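Trainee: Could we take a close look at the aromatic rings in this model and at the parts around them? I'd like one connected account, with the cut-offs spelled out as we go.

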Amino acid sequence: MSKQILEQASKLSNFGHELDHFGITRDGEKVEKLRIFHSNGLEISMINYGGIITSLKTPDRSGKIEDIVLGFDTLSEYEEKSPYFGALIGRFGNRIAKGQFSLDGNRYHLANNNEANHLHGGNRGFDKVCWNMKIGEQRDDAVSVILEYTSADGEEGYPGELKTKVTYTLTENSLKIEYHATTDAPTVLNLTHHSYFNLSGNPGQPVTDHMVQFPSEYYLPIDEHLIPLGKPEKVTDTPFDFRQPQKIKDGLHQDTENLQLQRAAGYDHTFVIKGSGEARKFAGTVWHPETGRKLEVFTSEPGMQFYTGNFLEAGMKGKGNATYQKRSGFCLETQHFPDSPNQSQFPSTVLRPGEIFTSETIYQFGILAS
Ligand code: GLA
């Protein structure tokens with residue numbers, strides 16, 4: 001199918017966008033790719049399959065524009081082997097122990113798609129369904145894309161019909177993700193986004209040289225199945241203390257003496273975000289000293305899962321002939337705590353009819369002052 005240019009960047013707007021055919025799913029559904037670009041070079045591409053962000057290009061300190069997320073060139077690769085590259089995650093981000101939980105006296109059984117546990121919504125989570133995608137608000141300083149998906153009652157074992165809306169908004173230096181959901185029966189949900197970043201622009205280079213700074217005083221230690229043990233622990237005197245900037249590599253070097261890092265083969269832990277609640281808060285910064293690229297995260301969520309690509313398959317072919325390996329990317333998944341439906345001391349992930357779930361995360365792209 002030929003490229004259909006819907007709108008060019010006009011004199012009035014700094015943004016342009018174009019819509020392209022991307023592929024046909026195994027079930028015969030048409031998938032489109034939407035590319036939005038700013039006149040300063042910032043550019044994002046997304047597809048309606050999984051709401052996946054397939055590329056995100058930002059300038060480095062010398063103005064060089066490069067792709068800073070991992071992904072594939074074709075739809076079939078996303079369908080067959082993706083470790084959730086760039087995807088929307090639902091109904092429940094991260095793990096639910098043994099794929100079971102009780103709500104209002106009913107016991108629910110979900111798919112155990114990660115050893116004995118349920119991960120990222122099951123066998124066909126929100127990362128593997130086709131969303132309805134359309135351009136939303138278009139302003140001089142921002143363009144939004146709206147993705148909608150209705151998950152049927154009982155889908156992947158979850159109760160209630162869940163109507164979900166996700167809005168991606170690109171500004172000249174940020175990507176905002178807003179989540180909105182309603183249900184017709186009591187249910188649980190934990191929506192997040194799973195981009196793997198590599199700020200070097202070169203995914204052949206592991207992310208271990210990136211610097212990390214998180215304000216979190218607490219993190220959630222995990223058991224051998226990567227399920228939170230239940231009690232947030234102080235980061236003080238552990239490799240989880242990123243209150244002072246630390247190189248990923250330096251933290252990881254402590255894995256011989258740190259059971260937590262051994263269990264996950266790296267970082268795969270929730271950092272507790274201070275002062276959780278409705279308002280958006282600073283969750284952390286990661287930067288790449290060499291290129292000067294900096295990523296700051298703000299969110300209304302109570303936690304952020306920091307994952308250092310520990311389970312990426314060595315030699316996996318990525319887009320543009322890239323070869324990925326363990327630690328080719330890191331994820332900053334803003335969310336409620338894993339296994340919340342079974343851990344009543346955690347902030348609640350229950351949604352009831354008549355309630356509206358909303359949440360917001362901003363990924364802000366910058367350049368280090370040199
Ligand atoms: C999340 C999980 C990890 C892993 C990745 C996907 O970050 O916490 O354990 O499952 O997703 O591979």
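How many aromatic pairs does the structure hold?

Mentor: Happy to walk you through it. This is a predicted model, where local features need pLDDT of at least 70 and side-chain atom pairs count only at pLDDT 80 or more, while totals for chains, interfaces and linings use all residues. Residues are numbered from 1 along each chain as its sequence is written, and side-chain values use heavy atoms, leaving out hydrogens and water.

The structure holds 26 aromatic pairs. Rings of Phe, Tyr and Trp (its six-membered ring) pair if their centres lie within 6.5 Å; planes under 30 degrees apart count as stacked, over 60 as edge-to-face and the rest as tilted. One of the pairs is Y267 with F306, which is tilted, with 5.3 Å centre to centre and 40° between the planes. This pair links distant parts of the chain, 39 residues apart: Y267 sits in the loop between α3 (259–264) and β22 (268–272), and F306 in strand β25 (residues 303–307). Helices (H or I, at least four residues) and strands (E, at least two) are DSSP runs, numbered from the N terminus. Y267 and F306 are both buried, where buried means under 20% relative accessible area, exposed over 50% and partly exposed in between (1.4 Å probe, protein chains only).

Another tilted pair joins Y307 and F311, at 5.9 Å centre to centre and 35° between the planes.

β25 is part of an open sheet of five strands, ordered β20-β19-β22-β25-β28 with antiparallel pairing. The edges are β20 (233–234) and β28 (331–335); each has a single partner strand, so one side of each is left without a neighbour in the sheet. Two strands pair if DSSP finds at least two bridges between them, and β22 is joined to β25 by five, running antiparallel. Within that pairing, T270 stands opposite Q305 in β25.

If we leave aside neighbours within four places in sequence, F330 is in contact (heavy atoms within 4.5 Å) with residues including F197, F306 and Y307.

Finally, the charged side chains. There are 20 salt bridges, each a side-chain nitrogen of Lys or Arg within 4 Å of a carboxyl oxygen of Asp or Glu. Among them, E66 meets R293, with the closest N and O atoms 3.1 Å apart. This pair spans 227 residues, from E66 in strand β6 (residues 65–67) to R293 in strand β24 (residues 293–299). E66 is buried at 17% relative accessible area, and R293 is buried at 2%. Strand β6 also holds D67, whose side chain meets that of K319 in a salt bridge (2.8 Å, N to O).
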